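Thanks for making time this morning. I would like to walk through a few local features of one model, and I will give the cut-offs as the terms come up.

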Amino acid sequence: MEKEKFDIDQLIANRLLGTISDEENLFLDDWIKQSIENQRLYSEQKRLWNLFEIHQKVQKIDERKAYQTISDQLFIKKKVNVFGWIQRIAAILLLPVIIASVYYFYLGKGNHNQFSTVYNTVETPLGMRSSLTLPDGTQVWLNAGSSISYPVLFADNYRKVSLSGEAYFEVKKNKKWPFIVSAKNMDIIVSGTTFNCNAYPENNQIQTVLVEGAISLTNNSATVNVLMTPGELATFNSSDQKVTKIKTDLQKYVAWKSGKLMFRDDKMNKVVEKLERWYNVEFDIEDKEIEDYIYTATFVDESLDQVLKMLSISAPIRYTISERNKQEDQTFAKSKVKLYKR
């Protein structure tokens, strides 16, 4: 059976709808067994379909027709390359938003509580960036190596999401319905605001820049309560639970949303940290004094090799790149870049 013979997304829809053939069923079972990622995607689809069927109270919705309509829009039958496949994975992850919107319209706000404990998580792998719309209409952009968790429907009294990594938010305005971003041991509270939050788990600091509107920052113990105004950068230190604020160049912190890598007087160790996520590679700084080099540059659509060549021209460094070797599990290891003092 050739791989191109079937469309995986359509097969999943057919199985959930009960219209799958024996041949398609066998092919789908083989595909599910191929990887943990395939199992996760199938389980997510099945979970959503089960949720859809449980609530039979909604008489006006033809559930199967609604699901089929969603499938027809999201899963167009055509051959796709690896980037197209990633886009379709993103489409699968957006299904809860679509379903939530349908239930919100027909069930009304009074039934929020039964959905507010059902969570969806969207992850963006290293080397990629993505965007999504939350159930309330809030727009979110996720940077590489980031994830966001949110309920299928927000609670009546507040809208709360959990962030790991970096995200840019354009929050749907509603002063009576606060929006809360929980990042490690800090909460960002807003009503309708545009801001960026950098909260990668490996870093001890959480950085928030405010583009427009107003936000307040608070920690879990409520010993911190800091208000921010547009153009400010607030850095929350997880160790001492303190926040520092400064006026800053916003572009340096939000340019990634537009596909730009921007460095402004950044130390090389911070430059390397961003490059690792942006290109999904590993860096080894062989000569430690390189870490303190100060670097300023903006990259747009350059390949890793082009970036490294520009780094070597503008700073006294040289580099080597290892080949990606095949591992025992048949996946390929990350490329490794080594930096040396020149």
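The buried residues of helix α8 pack against β14 (260–267), β15 (282–285), β16 (294–300), α9 (304–314) and β18 (336–341), where contact means heavy atoms within 4.5 Å, and where helices (H or I, at least four residues) and strands (E, at least two) are DSSP runs numbered from the N terminus. This is a predicted model, in which local features need pLDDT of at least 70 and side-chain atom pairs count only at pLDDT 80 or more, while totals for chains, interfaces and linings use all residues. Residues are numbered from 1 along each chain as its sequence is written, and side-chain values use heavy atoms, with hydrogens and water left out.

The buried set in α8 consists of M268, V271, V272, E273, L275, R277, W278 and Y279; buried here means under 20% relative accessible area, exposed means over 50%, and partly exposed lies in between, with a 1.4 Å probe and protein chains only. Helix α8 itself, residues 268–279, has 12 residues and spans 16 Å from its first C-alpha to its last, close to the 16 Å expected at 1.5 Å a residue, the expected span being 1.5 Å times one less than the number of residues. After α8 comes N280, with a positive phi near 55 degrees.

That brings me to backbone angles. Most residues other than glycine have a negative phi. D265, in strand β14, is not a glycine and yet has a positive phi of about 55 degrees, and D265 is exposed, at a relative accessible area of 59%. D301, in the loop between β16 and α9, also is a residue other than glycine with a positive phi, near 65 degrees, and D301 counts as exposed at 74% relative accessibility.

Now to strand β13, residues 242–247, where K247 lies. Which residues does K247 touch, leaving aside those up to four places away in sequence? They are T229, P230, G231 and E232, and the C-alpha atoms of K247 and G231, which are 16 residues apart along the chain, are separated by 5.7 Å.
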